[in-house]
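Me: Please take me through the structure below, one region at a time. I will ask as I go.

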Amino acid sequence: MRRFILSPSLLSADFGNLRGELEALEAAGLEWVHWDVMDGLFVPNITFGPPVIKALRASSKLFFDVHLMIDHPERYIREFADAGADLLCVHAETGVHLERTISAIREAGMQTGLALNPATPLNVAEYLLPQLDMVLVMSVNPGFGGQKFIPFCKEKIAALSKMIRERGLSTLIQVDGGVTLDNARELSDLGADVLVSGSAFFGHPPYAGRYQDFQRKMES
Ligand code: DX5
Ligand code: ZN
């Protein structure tokens with residue numbers, strides 16, 4: 001059976017109590033946490049950056065899955081590595097020198113991720129696949145939590161899964177945006193390995209119970 005990972009998005013967590021939220025996730029058995037870094041330029045919203053991640057790194061054993069929604073992410077790779085990111089995911093739409101950026105993430109000691117907006121074709125990831133630990137398929141236009149899943153992204157997940165299998169690779173597929181208990185099973189069947197959930201997770205305490213609800217969906 002494939003391993004299923006749930007990566008709760010802190011965008012929907014209590015920003016006034018991030019340390020407590022991270023502790024609660026760990027206590028509930030979660031292994032990953034998803035950090036949505038937004039700069040007000042690539043996306044209209046602004047969240048947090050390396051200093052906040054760094055301040056919380058020491059008190060958490062969770063795998064820090066960092067989703068950069070910022071212009072020129074190549075300028076900040078060292079900062080995020082120093083802050084303690086385990087995986088750094090950059091958007092394909094932010095750069096013309098993606099191979100260089102992905103190589104720099106690897107050289108900085110982090111796992112590599114490439115995110116694609118809903119309208120961005122899969123072929124931008126094709127030649128980079130052997131260098132990628134994860135491809136993030138955005139299933140909403142990035143910037144905000146609580147949006148509706150864009151249906152054509154299902155086709156994209158299936159096509160990416162086929163592309164990865166045909167090449168004999170083990171690149172993970174992450175799906176982010178509009179993930180709920182109702183579509184989690186279908187997304188996993190299509191090929192998603194890592195599901196990000198913000199509003200459908202944090203809005204429903206206790207976290208251990210919600211995590212089990214997701215796991216039951218995936219494993220049924
Ligand atoms: C959107 C972010 C997501 C967001 C998902 O730009 O990348 O990670 O938090 O939120 P939900 O699960 O509420 O759609
Ligand atoms: Zn995200």
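**Walking through the model**

Me: Where is Gln111 found?
Reply: Gln111 is found in strand 5. Helices (H or I, at least four residues) and strands (E, at least two) are DSSP runs, numbered from the N terminus.

Me: Before we go on, what should I know about the model and the numbering?
Reply: This is a predicted model, in which local features need pLDDT of at least 70 and side-chain atom pairs count only at pLDDT 80 or more, while totals for chains, interfaces and linings use all residues. Residues are numbered from 1 along each chain as its sequence is written, chains are lettered from A and ligands numbered from 1 in the order in which they are written, and side-chain values use heavy atoms, with hydrogens and water left out.

Me: Back to Gln111, then. How accessible is it, and what does it touch?
Reply: Gln111 counts as partly exposed because its relative accessible area is 31%. Buried means under 20% relative accessible area, exposed over 50%, and partly exposed in between (1.4 Å probe, protein chains only). Apart from neighbours within four places in sequence, Gln111 is in contact (heavy atoms within 4.5 Å) with Phe63, Asp86, Leu87, Leu88, Ile105, Arg106 and Asp133.

Me: And Met110: buried or exposed?
Reply: Met110 is buried, since its relative accessible area is 3%. Met110 sits in the loop between helix 4 (98-107) and strand 5 (111-116). Leaving aside neighbours within four places in sequence, Met110 is in contact with residues including Ile77, Phe80, Ala81 and Ile105.

Me: Which residues of helix 4 are buried, and what do they pack against?
Reply: Leu98, Thr101, Ile102, Ser103 and Ile105 are buried in helix 4. The buried residues of this helix pack against helix 3 (77-83), strand 4 (87-91) and strand 5. As background, an α-helix has 3.6 residues a turn, so residues three or four places apart point the same way. Just after helix 4, Gly109 takes a positive phi of about 90°.

Me: Which residue other than glycine has a positive phi?
Reply: His72 has a positive phi, near 50°. His72 is in the loop between strand 3 (63-69) and helix 3, and it counts as partly exposed because its relative accessibility is 42%.

Me: Where does His34 lie, and what does its side chain contact?
Reply: His34 lies in strand 2 (residues 32-38). It is buried, because its relative accessible area is 0%, and Asp36 is buried as well. The side chain of His34 makes a polar contact with the side chain of His67 (3.3 Å). A polar contact is a pair of N or O atoms within 3.5 Å; within protein, one must be able to donate a hydrogen and the other to accept it, and residues adjacent in sequence count only if both atoms are side-chain atoms. Not counting residues up to four places away in sequence, His34 touches several others, among them Ser7, Gln174, Asp176 and Val196.

Me: Val196 is in strand 8. Which residue stands opposite Val196?
Reply: Ser7 stands opposite Val196. Strand 1 (residues 5-8) runs parallel to strand 8, joined by four bridges; two strands pair if DSSP finds at least two bridges between them. Strand 7 (residues 172-176) also pairs with strand 8 in the parallel sense, over three bridges, and Gln174 has Val194 as its bridge partner.

Me: Which residues of strand 8 are buried?
Reply: Val194 and Val196 on one side, and Leu195 and Ser197 on the other, are all buried, covering both faces of strand 8 (residues 194-197).

Me: Last one: where is the cis peptide bond?
Reply: The cis bond joins Pro205 and Pro206, with omega about -5°. Pro206 lies in the loop between helix 8 (199-202) and helix 9 (207-219).
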